[in-house]
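User: I should like to learn how to read a protein model. May we work through one together?

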Amino acid sequence: MLTTALCSPSRASILTGLYSHQHTVVDNVAPEPPTLTYFPQYLKQAGDQTAFIGKWHIGNDAGSASTA
């Protein structure tokens with residue numbers, strides 16, 4: 001398995017099941033490829049609900065988490 005020292009490429013590998021040269025997330029600030037599918041998206045299609053807790057650097061997207 002290819003390894004990467006950066007957070008976003010490593011997380012992209014875990015969440016997609018792809019090697020870094022396949023998912024093309026190369027650093028912590030570049031936007032993610034629009035065609036990239038993460039496995040929680042498949043869970044959502046099946047009716048499951050998922051959430052992320054902690055740091056999320058992929059695509060520099062803060063998401064829609066509230067501070068309430």
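User: Which pattern does the protein follow when it is read along the sequence?

Analyst: One begins with the secondary structure elements and their order. This is a predicted model, and along the sequence the protein follows the pattern α-α-α. The secondary structure comes to three helices and zero strands.

User: What is the mean pLDDT of the protein?

Analyst: Confidence should be consulted before detail, because where pLDDT is low, the predicted coordinates should not be read in detail. Here the mean pLDDT is 78, and 72% of the residues reach 70 or more. Confidence is lowest in α1, with a mean of 87, and highest in helix α3 (residues 39–45), with a mean of 91.

User: Is Thr 16 buried or exposed?

Analyst: One compares the relative accessible area with a cut-off: a residue under 20% counts as buried. Thr 16 has a relative accessible area of 18%, so this residue is buried. In the protein, 19% of the 68 residues count as buried.

User: Where is Thr 16 placed, and which residues beyond its sequence neighbours does it contact?

Analyst: Thr 16 belongs to helix α1, which covers residues 7–16. With neighbours within four places in sequence set aside, Thr 16 is in contact with His 23, Leu 36, Thr 37 and Tyr 38.

User: Which backbone atoms lie 2.6 Å and 3.1 Å from a polar atom of the side chain of Thr 16?

Analyst: The backbone oxygen of Ala 12 lies at 2.6 Å from a polar atom of that side chain. The backbone nitrogen of Leu 18 lies at 3.1 Å from a polar atom of the side chain of Thr 16.

Conventions
Residues are numbered from 1 along each chain as its sequence is written. This is a predicted model: local features need pLDDT of at least 70, side-chain atom pairs count only at pLDDT 80 or more; totals for chains, interfaces and linings use all residues. Side-chain values use heavy atoms; hydrogens and water are left out. Helices (H or I, at least four residues) and strands (E, at least two) are DSSP runs, numbered from the N terminus. Buried means under 20% relative accessible area, exposed over 50%, partly exposed in between (1.4 Å probe, protein chains only). A polar contact is a pair of N or O atoms within 3.5 Å; within protein, one must be able to donate a hydrogen and the other to accept it, and residues adjacent in sequence count only if both atoms are side-chain atoms. Contact means heavy atoms within 4.5 Å. pLDDT is the predictor's confidence in each residue, from 0 to 100.
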